[in-house]
Amino acid sequence: MELGWLLWGAAVLLLLHVLMELSPAVNFALRIGFYCLLCLVSSALTAPVCLLVNGGRTVKNMRIIKAVLKTFKYFFGLRFEVKGLKNFEVEGPAIIVSNHQSILDMMGLMEILPDNCAQVAKRELMYAGTVGLVIYLGGVIFINRKSTTSAKMVMAEVAKTMTADKVKVWVYPEGTRNCTGDLLPFKKGAFHLAVQAQVPVIPVVYSSFTTFYNPKKNLFTSGKIKVEVLPPIETKGLTSDDVSDLTDRCFHTMRETLFRLSGRPS
């Protein structure tokens, strides 16, 4: 009986392997499915550890979450080449802004996430099962993107907390995922926050995923991701009148870096 189950299991695995080799769509679906399952299972196992070690919701739990998620890259054959980590070593709080490409960004985030850093995320993620639970425990700041008033109130509270607790805040200024190999126009919320709190902006750029990940082409293979942490941009002395120029400056610097890291002419 046990031999029969083993043979059936081997046959199913062999069939899946053949289908993955023959059909990009099947390969993509299975890899994405495995990624989502891995997120759910690892979150379910990590959440109790966060509660036991730190007692509840705190950004300190990100150390535990980071240690777990950094192992994901080995399952998918992803390699990271990181430069400029010293640029995170600023005294006190800061706003970190980076490009946002896909659901795989979480792996890139955890590869370089500095200590005492909270992320800003859409409120819907709070209801994503065990994933929502563990990122809630990790101190992620949830905003309602559909309500401008609500988002502004949250960001005002973030400014106070950031200054009082000396935490860094990670924001995706594009506002949504963008796997085109370019940047979407930046929203100004993160830059208003930086100017309001008079803290530096630290840009982070990940090379384009398009060579190994493209949902439109059912492409999901192994690959290499280049990451560069750029020098901090100071905001001391800036006012709300300077936010547009600050946003544009950061956008163009990050776009040039994205093209350079991706081997694409600017």
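A cavity here is a set of points, on a 1 Å grid over the protein atoms alone, where a 1.4 Å probe fits but cannot get out, and its lining residues have an atom within 4 Å of a point. Its volume is the space filled by probe spheres set on the points, which are joined across faces, edges and corners.

This is a predicted model, in which local features need pLDDT of at least 70 and side-chain atom pairs count only at pLDDT 80 or more, while totals for chains, interfaces and linings use all residues. Residues are numbered from 1 along each chain as its sequence is written, and side-chain values use heavy atoms, with hydrogens and water left out.

Select Asn99, His100, Gln101, Glu174, Asn178, Thr180, Gly181, Asp182, Leu183, Ser208 and Leu258, which line the largest cavity. About 40 Å³ of space lies inside this cavity, and the count of cavities of 30 Å³ or more is one. Its lining has two nonpolar, seven polar and two charged residues, where Asp, Glu, Lys and Arg count as charged, Ala, Val, Leu, Ile, Met, Phe, Trp, Tyr, Cys and Pro as nonpolar, and the others, Gly among them, as polar.

Next, select residues 30–53, which the unreviewed UniProt entry annotates as "transmembrane region", as it does residues 125–143; such annotations may be inferred rather than shown by experiment. Residues 30–53 are 100% helix and 0% strand, with end C-alpha atoms 34 Å apart, helices being DSSP runs (H or I) of at least four residues and strands (E) of at least two. Residues 125–143 are 47% helix and 16% strand, and their end C-alpha atoms lie 10 Å apart.

Finally, select Cys39, whose sulfur is 6.3 Å from the closest cysteine sulfur, in Cys36, and therefore too far for a bond, since a disulfide needs a pair of cysteine sulfur atoms within 2.5 Å.

Definitions and conventions:
1 Å grid on protein atoms, 1.4 Å probe; cavity = no way out; pocket = protein on both sides within 12 Å on 5 of 7 lines; lining within 4 Å.
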